[in-house]
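Please read the points below with the sequence and the model open beside you. They are arranged as a colleague's note, one topic to each point.

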Amino acid sequence: MATGFVCGTRRRPKCVQCGGRADLECDWKVPGRKRGTCDAPICSRCTTSPAPEKDLCPDHAAAWQRWKEARSA
Ligand SMILES: [Zn+2]
Ligand SMILES: [Zn+2]
């Protein structure tokens with residue numbers, strides 16, 4: 001049972017970066033999460049796309065950048 005749920009109002013995800021309407025979700029893999037991904041809401045303007053159909057929140061965009069650099073080093 002959800003408490004504080006307003007009937008008829010659908011949860012509108014807000015972009016973690018700009019607070020605007022989020023159309024996308026972070027696809028970064030997070031072990032231990034139910035869905036296995038970060039799922040942070042992100043809008044199409046703030047996303048970082050490492051691959052087609054993949055999106056990253058700002059935190060994980062930075063993590064991805066570090067991962068790439070570590071890999072090429
Ligand atoms: Zn945004
Ligand atoms: Zn993320």
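1. Of the 73 residues in the protein, 23% are buried, where a residue is called buried if 20 or more other C-beta atoms lie within 10 Å of its own, exposed if 12 or fewer do, and partly exposed in between, with the C-beta atoms placed from the backbone. This is a predicted model, in which local features need pLDDT of at least 70 and side-chain atom pairs count only at pLDDT 80 or more, while totals for chains, interfaces and linings use all residues. Residues are numbered from 1 along each chain as its sequence is written, and chains are lettered from A and ligands numbered from 1 in the order in which they are written.

2. The mean pLDDT, which is the predictor's confidence in each residue on a scale from 0 to 100, comes to 89 for the protein, and 86% of its residues reach 70 or more. Where pLDDT is low, the predicted coordinates should not be read in detail.

3. The protein has one helix and two strands, and from the N terminus on their order is β-β-α. Helices (H or I, at least four residues) and strands (E, at least two) are DSSP runs, numbered from the N terminus. Strand 1 covers 24–25 and strand 2 covers 41–42, whereas helix 1 spans 58–72.

4. The largest nonpolar core holds 12 residues, among them Cys15, Leu24, Trp28, Ile42, Cys46 and Ala61. Such a core is a set of buried Ala, Val, Leu, Ile, Met, Phe, Trp, Tyr and Cys residues joined through C-beta atoms within 7 Å. In soluble globular proteins, nonpolar side chains tend to be buried together.

5. Two residues are said to be in contact if their C-beta atoms, placed from the backbone, lie within 7 Å. Among contacts between residues at least 6 apart in sequence, 38% join residues at least 24 apart. When residues up to four places away in sequence are not counted, Cys46 touches Cys15, Gln17, Cys18 and Pro58.

6. His60 belongs to helix 1 and counts as buried because it has 22 C-beta neighbours inside 10 Å. Although His60 and Cys26 are 34 residues apart along the chain, their C-alpha atoms are separated by 7.9 Å. Residues up to four places away again left out, His60 touches Cys26, Trp28 and Cys38.

7. Asp27, in the loop between strand 1 and strand 2, is buried because 22 other C-beta atoms lie within 10 Å. Beyond its neighbours within four places in sequence, Asp27 is in contact with Thr37, Lys54, Asp55 and Leu56.

8. Arg21 and Cys43 are 22 residues apart in sequence, yet 6.2 Å apart in space from C-alpha to C-alpha.

9. Two backbone angles deserve a second look. Most residues other than glycine have a negative phi. Asp39, however, has a positive phi near 65°, and Asp39 lies in the loop between strand 1 and strand 2, where it counts as partly exposed because it has 16 C-beta neighbours inside 10 Å. Glu53 also is not a glycine and has a positive phi of about 70°; Glu53 sits in the loop between strand 2 and helix 1 and is exposed, with 7 other C-beta atoms within 10 Å.
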